[in-house]
Amino acid sequence: MMEKKDIKSLTLTELKAEMAALGEKPFRAVQLYEWMHKKLARGYEEMSNIPAAMKAKCGESYQYTALHVAAVQKSAIDGTKKYLFALPDGNMVESVWMRYKHGNSVCISSQVGCRMGCRFCASTLDGLVRNLTPSEMLDQIYAITLETGERVSNVVVMGSGEPLDNYDNLLRFITLLTDENGLHISQRNVTVSTCGIVPVMRELAEEKLQITLALSLHAATDEKRRELMPIANQFSLAELMDCCAYYFEQTGRRITFEYSLVRDVNDTRKDAETLAALIKGMNCHVNLIPVNPVRERAYVQSGRQAVEAFAVFLAKKGINATVRREMGRDIDGACGQLRRRFLENAESAFADGAG
Ligand code: SAH
């Protein structure tokens with residue numbers, strides 16, 4: 001049997017064509033699209049101005065994504081909320097909601113699990129399970145908007161998964177998210193973070209979107225980067241830096257380099273010097289993140305002083321650097337940790353239950 005089309009992943013133009021094929025008028029497609037992407041309906045039953053017969057037809061012809069909130073944790077320190085969502089097939093993904101002065105930000109996952117294998121990351125420990133569909137990415141934002149009752153103004157694709165390993169769905173997600181007939185989030189308020197898949201970064205550059213690209217650098221020599229990130233075996237830093245320059249050339253958007261500080265691994269003065277030399281003269285911003293310790297990994301967070309010294313050193317070299325505020329420290333902060341905890345608990349419960 002053919003899988004049913006996913007109605008929330010269709011653009012308005014596509015939806016109009018689909019509705020025409022079902023014998024419906026174009027304005028019905030507009031109404032339907034508004035219900036899904038503006039009013040954030042959880043199902044057809046909420047769509048009060050759509051005729052019952054049309055809803056029934058849609059129900060038969062398409063699948064309608066709706067995530068189920070499996071758990072919410074709220075930080076007592078800063079109000080950050082972490083959501084664990086159950087997907088229709090029983091898989092789980094997590095998202096984070098953060099309140100900043102300039103608006104609410106949501107960090108979404110792009111895949112269930114991840115196959116990139118970064119050593120310090122919890123999301124990749126069990127490998128990739130599957131890609132998320134565009135509607136499953138959108139729905140993390142929609143469900144959180146409904147739950148908080150507040151508008152989301154910034155979206156970062158920095159949760160579990162490698163977005164450029166799910167490229168077509170990512171592009172479609174950005175199209176729908178920034179569409180004026182939907183939530184209409186500005187491209188400038190969308191950030192996509194990648195471990196650095198060079199050919200796909202080049203393709204993305206050619207789309208000339210006004211989103212921010214964040215590159216997970218984490219080390220300034222090939223040797224060190226290979227120890228932390230297997231992807232560094234495929235692409236050298238020289239190739240990566242060329243690619244970042246190309247991205248800036250194509251889009252005019254300055255790159256953000258993410259650099260997670262790991263004690264005694266990449267946080268020394270020598271590391272700061274090497275990093276400064278590597279990115280000197282580039283139009284960029286460096287985000288320093290004290291690594292979030294993952295239980296399964298031995299990496300230790302750099303001390304406050306080391307982080308401070310690192311930032312000051314870069315600033316002195318004229319490099320724009322900030323230390324990322326750690327949000328939600330008290331609620332399984334690092335990527336993939338909440339899902340892991342949940343799966344572990346579920347497994348032990350199962351083992352107990354089944355004897
Ligand atoms: N796959 C993408 C996006 C998801 S990870 C990427 O690699 O960029 C989002 C960011 O969190 C990346 O910079 C990643 O390297 C970083 N990260 C993952 N685990 C971390 C941890 N335990 N502590 C600090 N940063 C971490």
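**Charge patch, cysteines and positive phi in a predicted model**

Q: Which helix gives the most residues to the negative patch?
A: In this predicted model, local features need pLDDT of at least 70, side-chain atom pairs count only at pLDDT 80 or more, and totals for chains, interfaces and linings use all residues. Residues are numbered from 1 along each chain as its sequence is written, and side-chain values use heavy atoms, with hydrogens and water left out. The negative surface patch is formed by Asp168, Glu203, Glu206 and Glu207, where a patch joins like charges within 9 Å among residues with over 30% relative accessible area and no salt bridge (a side-chain nitrogen of Lys or Arg within 4 Å of a carboxyl oxygen of Asp or Glu). With three residues, the element that gives the most is helix H6 (residues 198-207).

Q: How many disulfides does the structure hold?
A: A disulfide requires a pair of cysteine sulfur atoms within 2.5 Å. Because the sulfur of Cys243 is 5.8 Å from the closest cysteine sulfur, in Cys244, the two are too far apart for a bond. The number of disulfides in the structure is zero.

Q: Is Cys243 buried or exposed?
A: Buried means under 20% relative accessible area, exposed over 50%, and partly exposed in between, with a 1.4 Å probe and protein chains only. Because its relative accessibility is 1%, Cys243 counts as buried.

Q: What is the phi of Asp264?
A: Most residues other than glycine have a negative phi. Asp264 lies in the loop between strand E12 (255-261) and helix H9 (269-279), and at 63% relative accessibility it counts as exposed. Its phi is positive, in a residue other than glycine, and is near 60°.

Key:
Patches are made of residues with over 30% relative accessible area and no salt bridge: like charges are joined within 9 Å, nonpolar side chains (Val, Leu, Ile, Met, Phe, Trp, Tyr) within 5 Å. Accessible areas come from the Shrake-Rupley method with a 1.4 Å probe; for residues, only the protein chains shown count as cover. Lys and Arg count as positive and Asp and Glu as negative; His and the chain ends are not counted. The place of a charge is taken as NZ of Lys, CZ of Arg, CG of Asp or CD of Glu. Helices (H or I, at least four residues) and strands (E, at least two) are DSSP runs, numbered from the N terminus.
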